[in-house]
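Keep the 3D view open as you read.

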Amino acid sequence: MFNKVLVANRGEIALRVIRACQELGVKTVAVYSEADAQAPHVREADEAVLVGPPPSSQSYLVGERLIEVALRTGAQAIHPGYGFLSERAWFARAVRDAGLVFIGPPAEAIEAMGSKTAARQLAIAAGVPVVPGNTEGVKDADEAIAIAEAYGFPVLLKAAAGGGGKGMRVVRAKEDIADALASARREALNAFGDDAVYLEKYIEGPRHVEIQVLADTHGNVMHLGERECSVQRRHQKMIEEAPSVAVSPELRARMGATAVAAAKAAGYVNAGTCEFLLDKDGQYYFLEMNTRIQVEHPVTELVMGIDLVQWQIRIAAGEALPFAQKDFTPRGWAIECRITSEDPANGFLPSTGRIEYLHLPSGPGVRWDGGIEAGSVVGLHYDPMLAKLIVHAPTRELAISRMRRALLELTIDGIESSRAFHLRVMDDAEFQRGDITIQWLEQRLGTLTGPHTDPETLRLAAIAAALVAHEERSAGRVSAPAAAAAGNTVVRDVPPSAWAALARREGLR
Ligand code: MV4
């Protein structure tokens, strides 16, 4: 095992990696920007090194500097977390060339999966089902039309260097291809410096289901079942769960075997995720492989009873996986809500400021993977995700009610957050039925973020009003506003009670 690991990230994932290291008896080196001098990950690590000014391009993304810090502090390995440098093949290679261990896949596997067309070719060669389409960039609109007519409309133009939905265009008719191709090329060139665009049949109304994979350096490759990630907005996932209501044990075994085949074909080592579209008929198609630990990894950890981040580190240190595939059967249900500093009532506008008060949920089956505390200043330099609230319960129904309870316990004062939005999703009948696709959230955004008072708040307000009226009548007092208007002393000695405490908590949110 390593003596010391450098954590090349910030926020909740930096803390998550530090916790895994502490349990393994591994010392940690944090890196931080000038904006993060007071951040929790800096305090929780054994050492911390300032690496630059707030913009990530001058701090968390300066790979050479992070490698130099690792060498200087005597760290033997670098954990990149997610985002930032986690999927940059050049960084993985530079870490290796510096005589350090990259806690992630080999640079070659990152590269193989980085190009979407190369990943498709690799998948096809391994017998992995992909969406019908071509495997190379199209030359021009005429070629695109010929291919589209062979597969049938609608089709989807995609950037070969793609990811995150950039450079993607749905085309429903032949006459729209030329314009869509030109704009997809422009967007792809802007985002990836590569204007290659290819074409796939467009799958209508699918779910986004992904399979967690774990591979060691001894040739063991296994899968840890699926995560349902359909609840997303503009390619940002908001809620994830494991397992998926749409995946039977039989489908899990088939999709899992497919993910293992894709990982083997790429020479994959460490934790990775194969993304699939799952259509209404239960057909699944490999989309791409994410060559990092993902934000939503905790739902898999909870249903499989395994610490994925610890295993990333153990695998990087050369340990063999002691598991067999049959050890991985999901137990119960886990749901994750990404708590972001975005205002759902205001089109998810990023909210900034100082967190004045923070009360965290706890109790049975509740996990908080956060990167904030009271006093934290949330700015615009980094991702708006503040924390993840994850629950585990015996059934999906109980997990939803547990998430609802945990969200009600959470208080974040000082900035807006996505909390109220998550509560409304937990109360939504379609969500409760599991009746969701990748389009669900965007279709329901109006009803899920519009003006709303939740029934429980209304009920509490009604009870409070009735009790206040009753109490004042029986004490022969007038109400506080009426007393104030009459110039009388305002009576404040309302006896404490359960309803008053509840009403007060609601009022103070
Ligand atoms: C698709 C698709 C429908 N048909 N491919 C979006 C980003 C990239 N990872 C692939 N994506 C999609 N590819 C075909 N042939 C729909 C999407 C898609 C999507 C996929 C996963 C999660 C969210 C999504 C949101 C919009 C579109």
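Beyond its neighbours within four places in sequence, isoleucine 313 is in contact with Met1, Phe2, Ala20, Cys21, Leu24, His79 and Ile103, where contact means heavy atoms within 4.5 Å. The model you are looking at is predicted, so local features need pLDDT of at least 70 and side-chain atom pairs count only at pLDDT 80 or more, while totals for chains, interfaces and linings use all residues. Residues are numbered from 1 along each chain as its sequence is written, and side-chain values use heavy atoms, with hydrogens and water left out.

Ile313 also belongs to the largest nonpolar core, which has 38 residues; Phe2, Val5, Leu214, Leu224, Ile306 and Ile313 touch the most other members. Such a core is a set of buried Ala, Val, Leu, Ile, Met, Phe, Trp, Tyr and Cys residues joined through side-chain atoms within 4.5 Å. Buried means under 20% relative accessible area, exposed over 50%, and partly exposed in between (1.4 Å probe, protein chains only). Among the elements that give two or more residues to this core are strand 1 (4–7), helix 10 (297–304) and helix 11 (308–316); helices (H or I, at least four residues) and strands (E, at least two) are DSSP runs numbered from the N terminus. Helix 1 supplies the largest share, seven residues. A second, separate core of 37 residues includes Leu358, Val378, Met403 and Leu423.

Now turn to the ligand. Of the 17 residues around the ligand, Lys158, Glu200, Lys201, Ile203 and Glu288 come nearest; a residue counts here if one of its heavy atoms lies within 4 Å. A side-chain N or O atom of lysine 158 is 3.0 Å from a ligand nitrogen. The backbone takes part as well: a polar backbone atom of lysine 201 is 2.7 Å from a nitrogen of the ligand, and a backbone N or O atom of isoleucine 203 lies 3.0 Å from a ligand nitrogen. These pairs can be read against the cut-off for a polar contact, N or O atoms within 3.5 Å. The protein covers 90% of the 520 Å² of accessible area that the ligand has on its own, by the Shrake-Rupley method with a 1.4 Å probe.

Finally, visit some loops. The peptide bond from phenylalanine 153 to proline 154 is cis, with omega near -5°, and proline 154 sits in the loop between helix 7 (141–151) and strand 6. Phenylalanine 348 has a positive phi of about 60° although it is not a glycine, and at 4% relative accessibility this residue counts as buried.

Conventions
A polar contact is a pair of N or O atoms within 3.5 Å; within protein, one must be able to donate a hydrogen and the other to accept it, and residues adjacent in sequence count only if both atoms are side-chain atoms.
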